[in-house]
Amino acid sequence: MLMSRFPSPLTPAAEQGTTLIELLVAMVTAIVVLGALVAILDFSLNQESRTADKVQADQIGRISMSTIIQELHSSCTGFGATAIQAPSTTPVAPLHSTNALNLWFLSSYGNASSGEALLTGVTEHDIKWTSTKTSNTGQPLGTLTDYAFPSTPGGRSPTWVFGELTTVTAKARVLATNVIPPTISSESTIFQYYKDNNKGEFLVLTPAELPTATANNEVAEVTIGFTQAAESGDTRLGRTASLSDSVV
C-alpha cells in the first residue's frame, strides 16, 4: 500500500491557538504580579525615606539639645549669681520673659576664666521657640534660636549689666528648625522649671508661680523636651525623634 508524501489536511483540533480566555487570564496574572512588584518597590522606597528622615531628625535634635545642655552646664557663674533667672530687663518683643517657650539664663560658656578675679563677663541667653508653619499632619513646626547678650564692661557678679534685650542687639544662632513643642496642660511646652522644697524634692513650678520664682532666684532645675522633624518637615509616623534632658 502506497503512502502519500503529502500530509493530510489539518484537523480543527490541530489548528487551535491561544484562546481569548487564556489571553485574559495571562493578562490579569501579569497585572497582579506587576502590581505586587510596584507595591513592594513603593514600600521599600517609603521605608528608606522614613528611616532617613528619622535618622536626620535624631541627629539635628541631638546636636541642638547638646548645645543647650552644654551652655546650661557652664551657667554656674558663681559668686552669688543664679543661672536660671528672669531677664535682666524687660525684653523687647518678639522676645518674652522666662516661660514654657523661653529659657533665660546666665552662662560663662566659652570663657577661659574661672576665678572671681578673672571672670570679667558672662552672657545672658534666651533660648526661644518661634512658630513658623504647620506640618503635613497638622503639627506646629518652629525654630529654636539662641539669643545671646554679652555683659557690658565693668559689671560684676551678681549684678552683671547687659544692654537692651532685643533681637537687634542679640547675637542670634539658630539651633534647629522644624521643632515641635509637646503639649502639656493644653500649653505648648519645651521648658519646665522646678524649685527645691528644702526636703530633697523638686516641685514643678506652675506658670503663675514662675515669675516670682525667677525673680527670687528659686529655680533649681529645668527640663528640656521637644520633638524634632527632619529638614523635609514631614511629621508622619516614624519620621520624627523625641528628645528630653534636664539640668540641675
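**Aromatic stacking, cores and salt bridges**

Phe149 counts as buried at 4% relative accessibility, where buried means under 20% relative accessible area, exposed over 50% and partly exposed in between, with a 1.4 Å probe and protein chains only. The model is a predicted one, in which local features need pLDDT of at least 70 and side-chain atom pairs count only at pLDDT 80 or more, while totals for chains, interfaces and linings use all residues. Residues are numbered from 1 along each chain as its sequence is written, and side-chain values use heavy atoms, with hydrogens and water left out.

The count of aromatic pairs comes to one, and Phe149 belongs to it together with Trp104, the two rings being stacked at 6.0 Å centre to centre with 20 degrees between the planes. Rings of Phe, Tyr and Trp (for Trp, the six-membered ring) pair if their centres lie within 6.5 Å, and planes under 30 degrees apart count as stacked, over 60 as edge-to-face and the rest as tilted. This pair links distant parts of the chain, since Trp104 lies in strand β1 and Phe149 in strand β3, 45 residues apart; helices (H or I, at least four residues) and strands (E, at least two) are DSSP runs numbered from the N terminus. Trp104 is buried as well, with a relative accessible area of 0%.

From β3 the reader can move to its neighbour. Six bridges join β3 to β4, and the two strands run antiparallel, with Gly142 standing opposite Val179 in β4; strands are taken to pair if DSSP finds at least two bridges between them. β4 also pairs in the antiparallel sense with strand β9 (residues 219-228), over two bridges, and here Ile180 stands opposite Thr227 in β9.

In one of them Arg173 is joined to Glu71, with the closest N and O atoms 2.9 Å apart, a link between distant parts of the chain in which Arg173 sits in strand β4 (residues 171-180) and Glu71 in helix α1 (residues 20-73), 102 residues apart. Arg173 also forms a salt bridge with Asp146, the closest N and O atoms being 3.5 Å apart, and this pair connects strand β3 (residues 140-150) with strand β4 across 27 residues. Arg173 counts as partly exposed at 41% relative accessibility, whereas Glu71 is buried at 3% and Asp146 is buried at 2%.

Elsewhere, Arg236 forms a salt bridge with Asp234, with the closest N and O atoms 2.7 Å apart. Salt bridges that share partners join Asp53, Asp234, Arg236 and Arg239 into one network.

The nonpolar interior remains. A nonpolar core is a set of buried Ala, Val, Leu, Ile, Met, Phe, Trp, Tyr and Cys residues joined through side-chain atoms within 4.5 Å. The largest core has 29 residues, of which Leu103, Leu144, Ile190, Tyr193 and Ile224 touch the most other members. Helix α1 gives the most to this core, with five residues. Leaving aside residues up to four places away in sequence, Tyr193 touches residues including Ile84, Leu103, Leu205 and Val222, contact meaning heavy atoms within 4.5 Å. A second, separate core of ten residues includes Leu106, Val122, Tyr147 and Trp160.

How values were computed:
Salt bridge = Lys/Arg side-chain N within 4 Å of Asp/Glu carboxyl O.
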